[in-house]
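Please prepare a careful briefing on the structure shown below, covering helix packing, ligand surroundings and backbone geometry.

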Amino acid sequence: MQEHDLTIRNGTIVTAAEAFRGDLGIAGGRVVAMAARLQASARDIDATGRLVMPGGIDSHCHVEQLSSTGVMCADDFYSATVSAAFGGNTTIIPFACQHRGNSLLEVVKDYSERARTKAVIDYSFHLIVSDPTVEAMNEHLPQLIRRGMTSFKVYMTYDRLKLDDYQLLEVLSLANREGALVMVHAENNDMIRWIAKRLLDQGHKAPRFHVVSHDPVAEAEAAHRAIAISRLLEVPILIVHVSGIEAARIIRAAQTLGAQVYAETCPQYLFLTAADVDLPGLEGAMFCCSPPPRDYASQEAIWAGLTNGTFQLFSSDHAPYRFDESGKLPRGSDTTFKEMANGVPGIELRMPLLFSEGVGKGRIGLSEFVALTSTNHARMYGLYPRKGTLAIGSDADIAIWNPDAKVEITWSKLHDNVGYTPYEGRTITGWPETVINRGRIVLSSGTLHAAHGSGEFIPRGAPGPIEQRPAPTPDGRLFKSLIG
Ligand code: DUC
Ligand code: ZN
Ligand code: ZN
């Protein structure tokens with residue numbers, strides 16, 4: 001009989017397809033046995049009353065990244081991966097960000113070096129492409145794709161990052177040719193700029209005007225345009241951090257037409273609204289991200305999108321900036337909404353929040369939770385089946401959850417370097433107690449065991465298809481076309 005380095009017994013194993021009582025055997029960093037009963041190995045975890053799930057994959061987080069205005073994130077690869085691990089993750093995919101004038105090869109070299117000595121869980125990189133020069137397009141991107149960075153993010157907004165439509169066409173067509181996936185930040189730059197200028201001219205500087213300037217129509221228009229570009233080329237596209245009801249509907253409509261449009265949403269669009277940004281003084285800056293949190297109708301539409309198949313991915317968009325001059329408030333109390341660093345933290349709370357409010361409140365099932373937080377990320381970004389599932393031969397990337405643990409959220413219990421959480425004071429139910437990455441126990445019972453630099457870079461394969469669920473048409477035409 002095969003010797004196991006570690007066994008996990010008596011738990012409920014959950015994958016994106018099923019949940020069943022079973023035991024896991026791990027050897028050489030991989031799952032090598034799954035059975036109703038296994039003998040305990042020398043190292044054995046009793047998972048009675050616990051859920052044994054694939055470790056989370058947070059495929060949208062900003063770590064040790066310089067913003068386009070020169071602000072460095074508050075989390076480096078150490079604090080970000082520790083925080084991610086405490087939130088049940090075993091892999092993160094942050095962004096190696098090209099600013100204009102930068103060589104993508106140099107950007108990746110520098111980013112790899114930063115990660116190598118610090119990460120405590122596995123990681124890969126997306127690229128951010130802001131300067132698609134001939135050299136970047138013809139040489140650097142194809143080379144980096146071959147080295148396993150098979151996805152890149154492009155921006156339709158932010159003056160110093162945005163691509164125009166022609167450039168978007170070029171980047172999508174290259175991605176298709178070379179086997180990569182394009183992630184799009186969809187907001188109309190000129191609409192936002194135009195509104196913001198008029199607000200500032202009239203003396204409206206407070207954080208809540210950030211939400212006013214990032215009107216939902218700006219998001220919906222850009223989503224529609226990005227989809228049109230993708231349809232024109234018949235190339236898949238992924239619209240990230242969808243916040244509003246209108247954008248969600250536009251994406252759903254395109255999916256119903258058969259367009260290869262995928263979408264991601266994030267905790268801030270389920271659990272925050274514009275009212276959170278409307279606080280006295282500058283405090284609302286702690287809740288400002290782009291696109292911004294919206295209203296209850298949008299929250300409901302985002303929940304609906306998680307269950308009806310509009311969204312394949314639930315990511316954090318962790319963008320860690322402290323509430324001080326190093327991040328949110330570069331000009332102290334004089335900072336206007338246009339000058340604040342954009343983004344909210346969420347790498348540790350992404351899964352606990354969704355588990356508590358989604359699974360715990362009956363909005364999504366356990367397997368949907370696993371799909372939205374892990375399996376679909378692995379499939380979408382070319383990590384499957386090595387990661388994102390529990391199967392013979394997969395990496396032993398596992399989070400063991402106590403579904404009954406009650407936790408009052410307070411920043412001092414978290415492990416990021418941000419200094420606050422937008423979810424302070426909420427009580428949630430369910431928390432990952434033990435996290436295992438490639439068979440290594442990264443943490444258990446609140447104690448970190450993993451050393452700096454023990455996480456590995458994981459090169460990724462071609463982006464994989466995810467089954468899209470067509471929307472039922474209200475008048476039954478889809479049904480009729482199927483049976484003649
Ligand atoms: N918006 C982004 O596009 N990126 C980081 C954070 C944010 O709010
Ligand atoms: Zn973005
Ligand atoms: Zn982001």
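A crossing of two helices is called left-handed if the near helix is turned anticlockwise from the far one by less than a right angle, and right-handed if it is turned clockwise. The crossing of α4 and α7 is right-handed in this sense. This is a predicted model, in which local features need pLDDT of at least 70 and side-chain atom pairs count only at pLDDT 80 or more, while totals for chains, interfaces and linings use all residues. Residues are numbered from 1 along each chain as its sequence is written, chains are lettered from A and ligands numbered from 1 in the order in which they are written, and side-chain values use heavy atoms, with hydrogens and water left out.

**Helix packing around α7**

- Helix α4 (residues 165-178) packs against α7 at an angle of about 45 degrees, with the axes 10 Å apart; axes are lines fitted to C-alpha atoms, for helices over the stretch in contact, and angles run from 0 to 180 degrees between N-to-C directions.
- That angle makes α4 oblique to α7, given that angles under 35 degrees count as roughly parallel, over 145 as roughly antiparallel, 65 to 115 as roughly perpendicular and the rest as oblique.
- Helices here are DSSP runs (H or I, at least four residues), as are strands (E, at least two), and they are numbered from the N terminus.
- On the α4 side of this contact (heavy atoms within 4.5 Å) are Asp165, Leu168, Leu169, Leu172 and Ser173, which meet Arg225, Ile229, Ser230, Leu232 and Leu233 in α7.
- By class, the contact of α4 with α7 has six nonpolar, two polar and two charged residues, where Ala, Val, Leu, Ile, Met, Phe, Trp, Tyr, Cys and Pro count as nonpolar, Asp, Glu, Lys and Arg as charged, and the others, Gly among them, as polar.
- Helix α7 (residues 216-233) also packs with α8 (residues 245-256), at an angle of about 20 degrees and with axes 8 Å apart, which makes α7 roughly parallel to α8.
- The crossing of α7 and α8 is right-handed, and in the contact Val217, Glu219, Ala220, Ala223, His224 and Ile227 of α7 meet Glu246, Ala247, Ile250, Ile251 and Ala254 of α8.
- The residues of the α7 contact with α8 divide into eight nonpolar, one polar and two charged.

**Helices α12 and α13**

- The axes of α12 and α13 come within 9 Å and cross at roughly 155 degrees, and the two helices are therefore roughly antiparallel to each other.

- Residues around ligand 1 (a heavy atom within 4 Å) include His62, Lys153, Tyr155, Tyr158, His185, His241, Cys289, Ser290 and Asp317.
- Among the polar contacts (pairs of N or O atoms within 3.5 Å; within protein, one must be able to donate a hydrogen and the other to accept it, and residues adjacent in sequence count only if both atoms are side-chain atoms), a backbone N or O atom of Ser290 lies 2.7 Å from an oxygen atom of ligand 1.
- An N or O atom in the side chain of His185 is 2.8 Å from an oxygen atom of the ligand 1 molecule, and a polar side-chain atom of Tyr158 lies 3.3 Å from a nitrogen atom of ligand 1.

**Backbone geometry**

- Most residues other than glycine have a negative phi, and most peptide bonds are trans.
- The peptide bond from Ser290 to Pro291 is cis, with omega near -10 degrees, and Pro291 lies in the loop between α10 (274-277) and α11 (296-308).
- Asp317 has a positive phi, near 50 degrees.
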